[in-house]
Amino acid sequence: MASRIGFMDVKSPVHQLHPLTKLWMLLTLNTSIILYQNGAFGLLVLSVLVLTFRLAKVSLARLTRKMRFILVFSILLFIVQVLVTTNGTVFLYLIPRIGQVGPALPVTDYGISRGVSIMLRFLVIVLSSMLFVATTDPTLLSYALTDIGIPYRYAFGLVVALRFLPLFDQENETVRMAQHSRGIYPEVGGLHKILRTIRYTFFPLLVSALMKAESLSLSMDGRGFGYQDTRTYLRRPTWRHRDTAVCFLMTMILAGVILAILGLLPQFLSV
Amino acid sequence: MGPLHTDYRGGTVTRKAFSNIMTTRELVTLFILSSLGGALSTFVGYLGNLINIAVGVPFGAGQIIAGLHVFWIVLIRVLVPKRGSGAFAGLLKGFVEMFTGSTHGIVIVIVSLIQGVILDIPSISPNGPSSKSVIERLNWWLFAGLSSSSNVIVFQLFYFTGTPLIYISLITILAFCSGIIFAGYFAWQTLAFLEEAGLTNHLPAEEGVSRSIMIRRNLPAIAFVTFLILGSTYYAVAIADVFADPYSCEVTGLVETPYLYRPADFSEYEVTIVAELQGAYTHIPPTNYTGVLLSTILGVAEPKPQANGIQVIARDGYSITFDLQTVLDDERLLLTESNDGLWLIAGNYEGSAWVKQVTELYVY
């Protein structure tokens, strides 16, 4: 559980945006790319996204292993779409005619355009989520959620959940070492062994988690958590004019996409 | 430490209405288990993706461990037996997964939320499983399976289109079975373990119960689940046309009488033409094609006076448009039955106008 992408605390224009602005950006961008299946639009959004990574001073090179996996997965998505799409103008056959056999598995223009569109959609969804995670302080996000009417007792969940992650990392490592010292190693040969391995890993962590829940809830009750409707905060995110501008821009993009889908956008404005 | 949800613990100072929905202790349990579940699910997700890549498919094979994602929500749903706890746990777990680097980004939040919502369906016993009731156990396993298999459908909506239905059905069943094993059976074992450890009191300890009695008790549940799995498999494999008959297509749009075209209903109108497919890379030499002319099919639907075009739409989303009057005059444009559905044979057009697996004729 140790190597994971998380919030990167650097000073950048993207980091300084309000967490709700970034959440709105994430939602509108993903909704747009899902609704409007167009390769050119996907490429445009992806290019802007990559530039935003630079603007946010978040290096994708740091995430080499993860990026490799994402790229491999996106290529697989592309290949599947090409293989399952047989309509359109055929460019070539992956299995050419040899004697009486073939041709089979045609690669068509429509299959390629659909494959590219789906691949770009996947990349935009994943990369925009990564950017959101890397530039948004989850604690501030949690506090910001209370601004839109979510009771702080529930919004606090995100803070607690993320705060406990390093602890679980540590616990997991302790459990693993304790098991190794007793000669227990993970086994995956067959369902029974998989279940046993999972049981050995999950049960100690589960007991530990429940005990932590007990002590934390006692402590929170002791401090009067939930007694008042509102609470005070040491840090609060600030809403600025640029947040309004960004939200307006993203809303316009989403509206434009909807108009384009409905065929109401002038041709010269369509991507 | 006492049982989690039945004991009233003195000293709780909450007084507001929403505090009665979930106590602090229940909330914290939900938060922490969601955190643990989210963190472990990220790695279960990686494992699933690695299984997919190892097998050489972009998705599907990893569904063998899909139930492990739902396991945590099931556990939370039982330990925090309040309305909405499943959905809340699913949402929070999804956010944790996203923040810990899930390769699916925000989609994982939606997947996890839907899994939680399914587990909140009231037919699940609000008090969790009881060894005394077979029906409760059946519900438990069934909804765990459904919740687990829902991820296949959601991922389909986001990332895949046109994937063969049979493949989707099979991996849905795989995810369903995984849900039953990991989120049903294994979650059951876990709750029994927690009970033995004195952490909860949901399941009575079954020490002293002989193995044969245990098996006998579980027989109805096992039989029911087996019936469901076999039935679903048969439904998907043998009666695939229940989902969509590949040898039919809808005639819709600006027509007086929209209907479902089936070649069998038009056998007396069949004509045979000789057509040659000439594409840049494809060439099918002159061949006899027997089918029903598009003009005949559209004639039955009676296009409205304002209609001026027709869109032929295929199962994979491909579509091509023709001028309506040209189609009505064309005697070399027909729908024929092929081995994978209806094909549009466009004798007077180039290869890209020949459409496979036609599902809809839309008049506009």
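## Burial and the model

A residue is called buried if 20 or more other C-beta atoms lie within 10 Å of its own, exposed if 12 or fewer do, and partly exposed in between, with C-beta atoms placed from the backbone. This is a predicted model, in which local features need pLDDT of at least 70 and side-chain atom pairs count only at pLDDT 80 or more, while totals for chains, interfaces and linings use all residues. Residues are numbered from 1 along each chain as its sequence is written, and chains are lettered from A and ligands numbered from 1 in the order in which they are written.

## Two residues with positive phi

Gln357(B), a residue other than glycine, has a positive phi near 55°. Its place is in the loop between β8 (341–346) and β9 (358–363) of chain B, where helices (H or I, at least four residues) and strands (E, at least two) are DSSP runs numbered from the N terminus. Gln357(B) is buried, because 20 other C-beta atoms lie within 10 Å.

In chain A, Lys57(A) also is not a glycine and has a positive phi of about 60°. Lys57(A) belongs to the loop between α2 (39–55) and α3 (64–84) of chain A, and it counts as partly exposed because 15 other C-beta atoms are within 10 Å.

## Where the chains meet

Contact here means that the C-beta atoms of two residues, placed from the backbone, lie within 7 Å. By that rule, 60 residues of chain B are in contact with 65 residues of chain A. On the side of chain B that touches chain A, α1(B) gives the most, with 16 residues.
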